[in-house]
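Please open the model in a viewer and keep the selection tool at hand.

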Protein chains: 2
Amino acid sequence: MEKKEAITIQDIARKAKVSPSTVSRVLNDTVPVASDKRDAVLAAVKELNYRPNLIAQNLVRGKSMVIGVLTQDTASPFYGQIHQGIEQGLTGSGYQPMFVIGNWQVSEELVALETLMMRQVDGIIILGGNIPDERIKEVATEIPLVMTARWVKGLEQQCLQVDNVKASYDATRHLIELGHRHIIFVMGLPSIGDTLERQKGYYQAMQEVNLDIDPQLLVIEGNFTQLSGLLAIEQLLNRKQFFSAIFAMNDEMAFGAMLALYRHGLRVPEDISLVGFDDQDHTAYTIPPLTTVRYPMFDMGFMAAQSILKLIQGQAINLPLLPTQLIVRESTMRYQQ
Amino acid sequence: MEKKEAITIQDIARKAKVSPSTVSRVLNDTVPVASDKRDAVLAAVKELNYRPNLIAQNLVRGKSMVIGVLTQDTASPFYGQIHQGIEQGLTGSGYQPMFVIGNWQVSEELVALETLMMRQVDGIIILGGNIPDERIKEVATEIPLVMTARWVKGLEQQCLQVDNVKASYDATRHLIELGHRHIIFVMGLPSIGDTLERQKGYYQAMQEVNLDIDPQLLVIEGNFTQLSGLLAIEQLLNRKQFFSAIFAMNDEMAFGAMLALYRHGLRVPEDISLVGFDDQDHTAYTIPPLTTVRYPMFDMGFMAAQSILKLIQGQAINLPLLPTQLIVRESTMRYQQ
DNA sequence: ACCATATTTGAAACCAATGTCAATTTTCGC
DNA sequence: GCGAAAATTGACATTGGTTTCAAATATGGT
């Protein structure tokens, strides 16, 4: 609270009767220093409780030791897991993440990104968002950059991806194998990258078996929130659409769907089978526990972090397609009748 | 990726044929500058795509424009909401939050805190954690600091709090008014600040009516995870303990409890009433929707942010006791015989 | 016009560190 | 014990900005 004068390397030098250069040398252990002076410096450091000023260090070294993370939402468990992965992927490296938030608004994302650049971050990780591809490409020429949950043509090497089509195909296929034919797909906003790919996987699986049903009729749109899932199913039920299973594009919408079914006296899975997507923390504890697709959020963050570090060190990176996995729990069962 | 030479204020000065001082002046608008030179500077800035180096700026100004946030967990929705609040409370101020993670480990928390200090953050917000009070007090003498979800004697002015006792009393009281007398309290780790207070509120309410029942027998311990809630109830059920209601200290444990009850064929609320704590995003979408206590996570973050800004500006702060609210949904009902 | 005052401008110091370079000291071979 | 090579050390420039101070220029009153 008080404005105590910060102690600098000068103070240490004076106290230890050496030059600032020498202090720097013992602190960074760059060049051997006579042990008596070394001890004097260390003693002075301890006594004055000296703490190097990273800002000055960063200025002279030309690095900030910060990795900027342009994200969209800190409160969602989905992004939270990615953040966790990033954080862990960075521990021990000396780099700190700095999270800036875009809220899915291009304008906000642009200023957030600009903030990172001004702070001279040493690398940038972009998570989703709506910022124009062009801008990303520009930035990528200036600074190491990787992104996840997003795909930019021309920067394929720097996009960390999941095989959404296959993941979605697998989930749909699971329902088909249980005998379901009228499977509702609750999609998300088409502007978000993953949506179209997951829709594609759904169509693929459906078209393999449902030659006489038009799957287009079974697709309804939500905006990723629980409420939108609930509303979508309500609407379906009200117009007496027939279906025996639901595949929601994320867990939240599946939760909403679950509540809508409950409100209408429909049981999961006896009456309707339900599959989610993401495998959020909570899915194992819904009633009944939800069958879903495990999306490797933590791993994505972790790998993004490790990759950016490699890029900074000038190493080449080779981003794998991260695997998803269908987790069968208790919200799906064989179609009855 | 490439190491393009960054352009500095010198480059602008040269291009605009003025001195660096003048460039600084037009950029910061501190002193009027003749309009022709001004235009020349602005033109050069635009043409060279100049971006001020915040590190240099911070060094000379002696501020980092960063608020350090020592938190414990980025992935939990509970902390996520607080982070969101902090982020929003800081927007427009020019300050950025920097989150560092302690994982509830004192050693990690200490280094995380040290990192913040070395980075010369202008203020610190501490969220929970196990760092010794003494250390917090030391830091508080050096730098503006506020904390939430934590209480340090001697720094009461800087602790943003919720009336846990009352919140917990209210929740218990709600069950009592519904006729319940054997109410299980699922507590969290006693090392975490809130735990004891909430336990106190529970006892208070219980002792008002249950003069013949020893509420101590009804308290079981969890560690805040869903699994621990599940296990606790399993155990209870296995030893045939009688109860008609459960009050869990956080929503996660309530979710776990819910599943345990479901596994044993017990219905909520017909057989057992259940109350959670926090009002996480998800609680409105459990089956049935969960009665819980709304904990103002976002507001806490927001207010913490605003307060730290005030402290930095040398203003006094007066932290209110934030209100909680019982949200009655569908997991509680009148005790049936 | 002329001088006093006000405004604009640039040179130079400064922020807190690092690292180059040259001077000084130490080590070591003979 | 002496000279050359090696090791240690300090002075100083540097990083990219801001700000003080004084010089240069512009303004205004008479």
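Begin by selecting A:Glu177 and A:Arg173, whose side chains form a salt bridge with the closest N and O atoms 3.2 Å apart. A salt bridge is here a side-chain nitrogen of Lys or Arg within 4 Å of a carboxyl oxygen of Asp or Glu. Side chains of opposite charge can pair when their charged atoms come close. Both residues belong to helix α8 (residues 164-177) of chain A, and because A:Glu177 and A:Arg173 are four residues apart there, about one helical turn separates them. Helices (H or I, at least four residues) and strands (E, at least two) are DSSP runs, numbered from the N terminus. A:Glu177 is partly exposed at 49% relative accessibility, and A:Arg173 is likewise partly exposed, at 23%. In these terms, buried means under 20% relative accessible area, exposed over 50%, and partly exposed in between (1.4 Å probe, protein chains only).

Before continuing, note that this is a predicted model, in which local features need pLDDT of at least 70 and side-chain atom pairs count only at pLDDT 80 or more, whereas totals for chains, interfaces and linings use all residues. Residues are numbered from 1 along each chain as its sequence is written, chains are lettered from A and ligands numbered from 1 in the order in which they are written, and side-chain values use heavy atoms, with hydrogens and water left out.

**Further salt bridges**

Over all chains, the structure holds 32 salt bridges. Select next A:Glu134 and A:Lys137, whose side chains meet in one of 3.9 Å, N to O. Both lie in helix α7 (residues 133-142) of chain A, three residues apart, which is about one turn of the helix. A:Lys137 is partly exposed, at 31% relative accessibility.

Now move to chain B and select B:Asp279 and B:Arg329, joined by a salt bridge of 2.7 Å, N to O. This pair links distant parts of the chain, 50 residues apart: B:Asp279 is in the loop between β9 (273-275) and β10 (292-294) of chain B, and B:Arg329 is in the segment after β12 (325-327) of chain B. B:Asp279 is buried, at 18% relative accessible area, while B:Arg329 is partly exposed, at 22%.

Which residues are linked in a network of salt bridges? Select A:Arg51 together with B:Glu114, B:Arg135, B:Glu138 and B:Glu142 to display it.

Colour chain A by domain: domain 1 (9-52), domain 2 (65-162 + 297-323) and domain 3 (164-295). These bounds come from an automatic or database domain assignment. The centres of domain 1 and domain 3 of chain A, taken over C-alpha atoms, are 64 Å apart.

**Stops in chain B**

Select helix α2 (residues 20-28) and helix α3 (residues 35-48) of chain B; their axes come within 10 Å and cross at roughly 85 degrees. α2(B) is therefore roughly perpendicular to α3(B), a term for angles of 65 to 115 degrees. Axes are lines fitted to C-alpha atoms, for helices over the stretch in contact, and angles run from 0 to 180 degrees between N-to-C directions. B:Val23, B:Val26 and B:Leu27 in α2(B) meet B:Arg38, B:Val41, B:Leu42 and B:Val45 in α3(B). Contact means heavy atoms within 4.5 Å.

Is B:Thr172 buried or exposed? It is buried, with a relative accessible area of 0%. Not counting residues up to four places away in sequence, B:Thr172 touches B:Ile183, B:Tyr202, B:Ala205, B:Met206 and B:Phe247.

Finish at B:Thr332, in the segment after β12 of chain B. B:Thr332 counts as buried, at 10% relative accessibility. Its contacts, leaving aside neighbours within four places in sequence, include B:His174, B:Leu175, B:Leu178 and B:Pro269. The C-alpha atoms of B:Thr332 and B:Leu321, eleven residues apart along the chain, are separated by 28 Å.

Definitions and conventions. Parallel < 35°, antiparallel > 145°, perpendicular 65-115°, else oblique.
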